[in-house]
Amino acid sequence: MTYLVTFHWGWLLASLLLGLAMGWIAVVQRGDGVSKVLMRWLAVLAAALVAASIARIVPGRFGYWLDLLLVMFACYLVGCAVGSWLRDWVVSRNAPPATS
């Protein structure tokens with residue numbers, strides 16, 4: 001894991017910054033989102049990929065790519081969370097106080 005971070009720090013930083021940007025604009029977007037059934041399937045897929053990585057089921061180069069994919073996805077999700085939190089903080093700070 002240290003090798004991934006040391007060698008691919010630029011890609012990890014890029015995925016973090018991309019997540020930050022997407023988290024910033026996701027608050028503004030008013031789409032329908034993902035259905036609950038699809039969300040469950042995606043959660044099962046993510047859990048299966050993490051389990052395959054931890055159990056070292058995928059050997060060699062493809063296992064390395066799987067580990068890199070999961071670390072980049074984690075950086076992206078952290079960036080999304082921080083970006084939406086920052087956007088919410090900035091917008092709520094600039095909002096006029098509510099009058100009773």
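Colleague: Let's start with D67: buried or exposed, and why?

Modeller: In this predicted model, D67 counts as buried because its relative accessibility is 14%, and the cut-off for that label is under 20% relative accessible area.

Colleague: Where is D67 found, and which residues does D67 touch?

Modeller: D67 is found in helix α4, and, when residues up to four places away in sequence are not counted, D67 touches L4, S53 and R56.

Colleague: Take R56 from that list, then; where is R56 found, and is R56 buried or exposed?

Modeller: R56 is found in the loop between α3, which covers 36–54, and α4, and R56 is exposed, since its relative accessible area is 62% and the label applies over 50%.

Colleague: What is phi of R56 near?

Modeller: Phi of R56 is near 55°, which is a positive value in a residue other than glycine.

Colleague: Stepping back a bit, how many helices and strands does the chain have?

Modeller: The chain has four helices and zero strands, and the pattern read along the sequence is α-α-α-α.

Colleague: And what share of the chain counts as buried, and how much area is exposed?

Modeller: Of the 100 residues of the chain, 18% count as buried, while the chain exposes about 8,000 Å², of which carbon and sulfur atoms supply 73%.

Colleague: What share of the contacts with a separation of 6 or more comes from residues 24 or more positions apart?

Modeller: Residues 24 or more positions apart account for 76% of those contacts in the chain.

Colleague: What else does C75 touch, and where is C75 placed?

Modeller: C75 has its place in helix α4, and, leaving out residues up to four places away in sequence, C75 touches L12 and L16 as well as S15.

Colleague: Which residues make up the largest nonpolar core?

Modeller: The largest nonpolar core is made up of five residues, namely L4, L12, L68, V71 and C75. Helix α4, residues 60–94, gives the largest share of this core, with three residues.

Colleague: What is L4 in contact with, beyond its neighbours within four places in sequence?

Modeller: L4 is in contact with W9, L12, Y64, D67, L68 and V71, and among these L12, L68 and V71 belong to the largest nonpolar core along with L4.

Colleague: Now H8: where is H8 found, is H8 buried or exposed, and what is H8 in contact with?

Modeller: H8 is found in the loop between α1, which covers 2–7, and α2, and H8 is buried because its relative accessible area is 10%, again under the 20% cut-off. Apart from neighbours within four places in sequence, H8 is in contact with Y3, Y64 and L68.

Colleague: Last topic, pockets: how much space lies in the largest pocket, and which residues line the pocket?

Modeller: About 200 Å³ of space lies in the largest pocket, and its lining consists of M22, G23, A26, Y76, L77 and C80.

Colleague: Which helices supply that lining, and how do the residues divide by type?

Modeller: Helices α2, covering 9–26, and α4 each supply at least two residues of the lining, and the lining residues divide into five nonpolar, one polar and no charged.

Methods. Residues are numbered from 1 along each chain as its sequence is written. This is a predicted model: local features need pLDDT of at least 70, side-chain atom pairs count only at pLDDT 80 or more; totals for chains, interfaces and linings use all residues. Side-chain values use heavy atoms; hydrogens and water are left out. Buried means under 20% relative accessible area, exposed over 50%, partly exposed in between (1.4 Å probe, protein chains only). Contact means heavy atoms within 4.5 Å. Accessible areas come from the Shrake-Rupley method with a 1.4 Å probe; for residues, only the protein chains shown count as cover. A nonpolar core is a set of buried Ala, Val, Leu, Ile, Met, Phe, Trp, Tyr and Cys residues joined through side-chain atoms within 4.5 Å. On a 1 Å grid over the protein atoms alone, a cavity is a set of points where a 1.4 Å probe fits but cannot get out, and a pocket is an open set with protein on both sides within 12 Å along at least five of seven lines; lining residues have an atom within 4 Å of a point. Grid points are joined across faces, edges and corners, and a volume is the space filled by probe spheres set on the points. Ala, Val, Leu, Ile, Met, Phe, Trp, Tyr, Cys and Pro count as nonpolar, Asp, Glu, Lys and Arg as charged, and the others, Gly among them, as polar.
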